[in-house]
Amino acid sequence: MSEAPRLRAIVLGSGAGGGVPQWNCGCRVCRLAWGGDPRVSWRTQSGLAVSADAERWLLLNASIDLRQQILATPALRPRGEGRHSPIAAVLLTGTDVDIAGGLLTLRERQPLTIWGTRQTLDTIAGNRIFSVVADDIAPRRAVALGEAFEPLPGLKVELFPTPGKVPLWLEEGDVSTDIEGEHTVGAAVEVAGRQLLYIPGCSRVTEALHARIGACHALFFDGTLYADDEMIRTGLGEKTGRRMGHLPVSGPGGSLESLAPHKSVRRIYVHINNSNPMLIEGSREAQAAAAAGWEIGRDGMEVSP
Ligand code: MLT
Ligand code: MN
Ligand code: ZN
């Protein structure tokens with residue numbers, strides 16, 4: 001490594017589950033996207049790549065769009081002859097399909113380390129299909145919340161709880177959306193004193209999160225729905241954003257309001273659902289987010305906080 005270590009991040013996917021446009025959707029945003037309207041960029045399902053040396057990369061989440069994201073990202077393509085990948089490690093912040101399903105893409109006997117909470121790794125281990133990513137070559141390493149670790153040299157990571165719920169496919173009966181535990185976590189990534197937070201799922205901003213956000217340099221945050229009742233109002237679904245474990249962007253307690261104190265932090269929305277009108281450039285909602293100092297994440301966006 002010739003250059004000094006520096007934190008680099010690439011937004012691999014800025015969409016939520018389903019991406020933009022979603023395969024079976026004709027909502028307003030998806031219709032514009034299908035029609036090639038320049039105001040709506042296509043987006044894959046959420047993920048971030050981070051590195052300290054631009055040689056070896058840690059993936060924050062492996063969505064089911066991971067193969068497409070690797071094809072679109074020169075930094076993640078193999079180099080030289082034979083088998084190789086710059087992807088040296090993967091960290092999972094949960095086990096939803098758009099968080100962990102892409103592990104299956106990484107099944108071609110490539111050495112890498114898979115990091116997550118004990119609960120996340122146990123959930124993955126409980127699904128036998130993931131054993132195609134054989135642990136003799138891709139070992140899984142459990143980390144405790146609040147415990148710093150170094151998945152790549154010079155890259156320091158810590159996981160912290162973000163209020164949320166069990167993954168959709170494990171929901172049963174009454175579902176609590178305010179669990180602060182190992183199911184849904186955020187990641188703090190630090191290189192040479194610069195730090196970013198990756199929080200693709202969060203149902204409430206706690207005091208502990210405020211403290212972390214106030215101290216970071218860049219925040220990638222849950223922008224799933226603009227309005228809590230947007231899926232219901234548009235006839236796309238029956239759940240509010242909060243019921244899905246995602247606080248809305250607008251409204252009381254939404255992220256525009258809750259995170260307004262953190263204007264000095266670079267704030268970028270990710271995990272944005274295709275129903276969210278702020279995905280339409282120039283829309284009232286996009287303007288409101290921009291006026292509050294937020295950037296709307298795009299696939300391929302590079303951030304070096
Ligand atoms: C979510 O973020 O709520 C999930 O990704 C839902 C899903 O798996 O589609
Ligand atoms: Mn999701
Ligand atoms: Zn849609």
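Asp98 belongs to helix α3 (residues 97-100), and His271 to the loop between β12 (266-270) and α8 (284-291), so the pair ties together parts 173 residues apart in sequence. Helices (H or I, at least four residues) and strands (E, at least two) are DSSP runs, numbered from the N terminus.

This is a predicted model: local features need pLDDT of at least 70, side-chain atom pairs count only at pLDDT 80 or more, and totals for chains, interfaces and linings use all residues. Residues are numbered from 1 along each chain as its sequence is written, chains are lettered from A and ligands numbered from 1 in the order in which they are written, and side-chain values use heavy atoms, with hydrogens and water left out.

Both Asp98 and His271 are buried. Buried means under 20% relative accessible area, exposed over 50%, partly exposed in between (1.4 Å probe, protein chains only). For His271 the relative accessible area is 8%. His271 also has a positive phi, near 50°, in a residue other than glycine.

Now ligand 1. Around it are Asp96, Asp98, Leu168, Met244, His246 and His271, each with a heavy atom within 4 Å.

- Asp98: a polar side-chain atom lies 2.8 Å from an oxygen atom of ligand 1.
- His246: a polar side-chain atom lies 2.8 Å from an oxygen atom of ligand 1.
- His271: a side-chain N or O atom lies 3.1 Å from an oxygen atom of ligand 1.

Taken alone, ligand 1 exposes 270 Å², and the protein buries 76% of that. Accessible areas come from the Shrake-Rupley method with a 1.4 Å probe. Ligand 1 takes up the space of the largest pocket. A pocket is an open set of points on a 1 Å grid over the protein atoms alone, with protein on both sides within 12 Å along at least five of seven lines. A molecule sits in one if more than half of its atoms lie within 2 Å of its grid points.

Methods: A polar contact is a pair of N or O atoms within 3.5 Å; within protein, one must be able to donate a hydrogen and the other to accept it, and residues adjacent in sequence count only if both atoms are side-chain atoms. On a 1 Å grid over the protein atoms alone, a cavity is a set of points where a 1.4 Å probe fits but cannot get out, and a pocket is an open set with protein on both sides within 12 Å along at least five of seven lines; lining residues have an atom within 4 Å of a point.
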